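Reader: Please take a close look at one part of this model, beginning with a single side chain and following what is linked to it. Give the cut-offs for the terms as you go.

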Amino acid sequence: MNTNLLAVGLGALLLGGVSVAAYQNATRGPEFVQVMSAMPVTETETLKSPREVCSDRVVQRRAPERDGLVGGTVAGALIGGLVGNQIGGGSGRDVATVGGALVGGYAGRQADRRHVGGQVTSHTVRSCRTVTDTTTREHVVGYDVTYELEDQLRTVRMSAKPGPTLPVVDGVVVTEVPVTSVPAIADAPAG
C-alpha cells in the first residue's frame with residue numbers, strides 16, 4: 001500500500017473529525033454567557049406607626065365673685081340695725097337702730113371693696129392625642145441583568161443577583177437559580 005495514500009486518508013479522517021467537532025460546537029452554541037451588568041430593582045415601602053402622645057397642663061379656676069357691694073352693704077346694715085336696736089330705749093332706740101344700720105351698711109360696703117375675688121384653685125388636666133409616625137425604606141425586589149447572546153444585548157429580571165456568567169442549556173440562557181434542597185434532620189445520616 002502506498003504510504004502517501006495512507007497519509008492522505010488519515011489526514012482526511014482527521015480533518016473530518018475536526019470538522020464534525022467544530023460543527024457540533026457551532027450548532028450547540030456557548031455553554032455560558034457573560035453578564036454585562038446586574039442593576040438592583042428596588043421598591044419603596046411606607047410604614048405607618050400610630051402612637052399616643054400625652055401632655056399635662058395646670059388649669060386654674062377662680063371661685064365665683066360675690067355679688068358686688070350689695071351683699072356686704074345689706075348684711076352690714078342688718079347687723080348694725082340689730083346692734084343699734086339693742087341700745088337705748090324709746091325714740092332713742094329708733095335713732096340707734098337707724099344709726100347702727102347706716103354704720104353697719106358702710107362697714108359691710110368697705111369689707112366688700114377689700115375683697116379680691118373668689119378663691120383660686122389649680123388642678124392638672126391630661127390631654128392625649130394619636131400621632132402617626134411615617135417611615136420609608138427601600139428593599140431590593142430583583143435585578144435587571146444584561147447579557148450578550150448571539151451578538152445581541154438582552155435584559156432579563158432575576159430574583160437573585162447572578163454571578164459573572166449565566167449557563168446556557170440547549171441554546172437557552174438559564175436565568176433562575178434552582179433552589180437546592182436541604183435534607184431534614186430526620187433524613188440526615190446517623191453519625
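Author: Arginine 137 is partly exposed, with a relative accessible area of 45%. Here buried means under 20% relative accessible area, exposed over 50%, and partly exposed in between, with a 1.4 Å probe and protein chains only. The model is predicted, and for that reason local features need pLDDT of at least 70 and side-chain atom pairs count only at pLDDT 80 or more, while totals for chains, interfaces and linings use all residues. Residues are numbered from 1 along each chain as its sequence is written, and side-chain values use heavy atoms, with hydrogens and water left out.

The partner of arginine 137 in a salt bridge is glutamate 45, and their closest N and O atoms are 2.8 Å apart. The pair links distant parts of the chain, since glutamate 45 is in strand β1 and arginine 137 in strand β2, 92 residues apart. A salt bridge is counted when a side-chain nitrogen of Lys or Arg is within 4 Å of a carboxyl oxygen of Asp or Glu. Strands (E, at least two residues) and helices (H or I, at least four) are DSSP runs, numbered from the N terminus. Glutamate 45 is partly exposed, at 28% relative accessibility.

A second salt bridge is formed by arginine 51 and aspartate 133, at 2.6 Å from N to O. The rule gives 5 salt bridges in the structure.

Cysteine 54 and cysteine 128 form it, with their sulfur atoms 2.0 Å apart. Cysteine 54 is in β1 (residues 32-62) and cysteine 128 in β2 (residues 120-149), 74 residues apart, a link between distant parts of the chain. A disulfide is a covalent bond between the sulfur atoms of two cysteines, and the criterion here is a pair of cysteine sulfur atoms within 2.5 Å. The link is right-handed, with 110 degrees about the S-S bond. Cysteine 54 is partly exposed at 33% relative accessible area, and cysteine 128 is partly exposed at 39%. The structure holds 1 disulfide.

The largest one has 10 residues: Val33, Val35, Tyr143, Val145, Tyr147, Leu149, Met158, Leu166, Val168 and Val173. Such a core is a set of buried Ala, Val, Leu, Ile, Met, Phe, Trp, Tyr and Cys residues joined through side-chain atoms within 4.5 Å. At least two residues of this core come from each of β1, β2 and β4 (165-169), and β2 gives the most, with 4 residues.

Contact means heavy atoms within 4.5 Å. Methionine 158 is in strand β3 (residues 152-158) and is buried, with a relative accessible area of 2%. Not counting residues up to four places away in sequence, methionine 158 touches Gly142, Tyr143, Val145, Leu166, Thr175 and Glu176. Its C-alpha atom is 5.2 Å from that of tyrosine 143, 15 residues apart along the chain.

The loop between β2 and β3 holds glutamate 150 and aspartate 151. Most residues other than glycine have a negative phi. Glutamate 150 has a positive phi of about 55 degrees, and aspartate 151 has one of about 60 degrees. Glutamate 150 is exposed at 64% relative accessibility, and aspartate 151 is exposed at 71%. The side chain of glutamate 150 meets that of arginine 154 in a salt bridge of 3.7 Å, N to O, and arginine 154 is partly exposed at 28%.

As background, the protein has 3 helices and 5 strands, in the order α-β-α-α-β-β-β-β along the sequence. Buried residues account for 15% of its 191 residues. Of the contacts between residues at least 6 apart in sequence, 77% join residues at least 24 apart.
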